[in-house]
Each structure stands twice: as C-alpha cells, then as structure tokens.
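I opened this notebook to keep a record of what I looked up in a structure that was new to me. I wanted to go from the overall layout to single residues and to write down each value as I found it.

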Amino acid sequence: MKRYSVLIKRVSCARYAILLPVLALFLASFPAACSDDEGPAEPPPRPEPCSWSAPFLSGSIIDDRLTEISGIAPSRREAGVLWLHNDSGNEPRVYAVDSTGTPLGYFTLDGASNI
C-alpha cells in the first residue's frame with residue numbers, strides 16, 4: 001500500500017480585486033451633480049497582492065484504491081475537501097479526501113474512461 005503525503009500551501013488574496021476598478025470606472029462615468037468643488041476624490045487603495053505560505057504537512061493519504069494519484073484539486077464548494085484521481089488504466093473515478101488525507105468517498109464517472 002502506498003502512502004501519500006498531503007502538503008498544503010495557504011493563499012491569502014483579495015477576492016474581488018477586479019471589482020473595485022470596474023466599479024470606480026462605472027461611478028466615474030456619472031456627472032458629479034452633488035460635488036462640493038473639492039476636486040476629485042482619492043482613488044481607492046490597491047488590494048494587497050496574493051501571498052502564499054510555505055508548504056506544510058497536513059496529513060497522509062492511505063487508501064488501497066488510490067494507487068497512482070495523478071491529479072488533485074481543492075473543492076470549489078466544500079472547504080477542506082480535495083478531489084483526486086488515479087493515473088490512466090484505473091477506474092474512471094474521482095475520490096474526495098479531507099485535508100488530513102482521510103477518505104470521504106468517490107464518484108464513478110459513468111460513460112467515461114480513464115486514459
């Protein structure tokens with residue numbers, strides 16, 4: 001049985017970084033009907049750039065079904081869930097594990113083949 005280590009990097013990033021400039025341009029397109037002759041306002045501060053932590057070991061994946069992990073992605077719906085798949089030649093399945101490597105379940109992709 002293979003043992004895989006789960007290394008994680010945490011990211012910190014402004015989620016709506018593109019929204020602020022777009023909103024500012026939209027609002028700037030309206031005439032200043034209520035201006036008080038103080039001149040243009042200061043632009044909003046720029047969002048902080050994304051930063052990444054150093055990788056750290058969060059757990060191990062020990063599962064007989066996961067013998068050749070070749071893909072991993074974080075869930076977009078459930079925080080702390082990772083989706084994995086085996087290398088070609090295995091069943092067409094995606095497996096869910098938590099960030100410690102504990103298996104949560106799998107889905108078989110009907111009509112697909114793992115090539």
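**Entry 1, the whole chain.** I noted at the start that this is a predicted model, and I read every value with that in mind. I looked up the secondary structure and found 1 helix and 8 strands, which follow one another from the N terminus in the order β-β-α-β-β-β-β-β-β. The protein has 115 residues, and 17% of them are buried. For the accessible surface I wrote down about 9,300 Å², with 58% of that area belonging to carbon and sulfur atoms.

Which residues form the largest nonpolar core? I listed I61, L66, L82, L84, Y95 and V97, a set of 6 residues. Two elements, β6 (81–86) and β7 (93–98), each give two or more residues to this core. I set beside this the general remark that nonpolar side chains tend to be buried together in soluble globular proteins. I then followed L84 and, leaving out residues up to four places away in sequence, found that L84 touches I61, L66, I69, G71, I72, R93, V94, Y95 and V97.

My search for salt bridges returned a count of 1. In that salt bridge the side chains of D63 and R65 meet, with 2.8 Å from N to O.

Where in the chain is N114 found? I placed N114 in the segment after β8 (103–108). Is N114 buried or exposed? With a relative accessible area of 18%, N114 falls under the 20% cut-off, so I recorded this residue as buried. I next looked at what its side chain reaches, and noted the backbone oxygen of N86 at 3.2 Å as well as the backbone oxygen of D87, which lies 3.0 Å from a polar atom of the N114 side chain. Setting aside neighbours within four places in sequence, I found N114 in contact with N86, D87, S88, G89, N90, E91 and P92.

Terms used:
Residues numbered from 1 in each chain as written. Predicted model: local features only at pLDDT ≥ 70, side-chain atom pairs only at ≥ 80, totals over all residues. Heavy atoms only, no water. Helix = DSSP H or I, 4+ residues; strand = E, 2+ residues; numbered from the N terminus. Buried < 20%, exposed > 50% of the residue type's maximum accessible area, 1.4 Å probe, protein only. Areas by Shrake-Rupley, 256 points an atom, 1.4 Å probe, with all protein chains shown as cover. Core = buried A, V, L, I, M, F, W, Y, C linked by side-chain atoms within 4.5 Å. Contact = heavy atoms within 4.5 Å. Salt bridge = Lys/Arg side-chain N within 4 Å of Asp/Glu carboxyl O. Polar contact = N/O pair within 3.5 Å; in protein donor to acceptor, adjacent residues only side chain to side chain.
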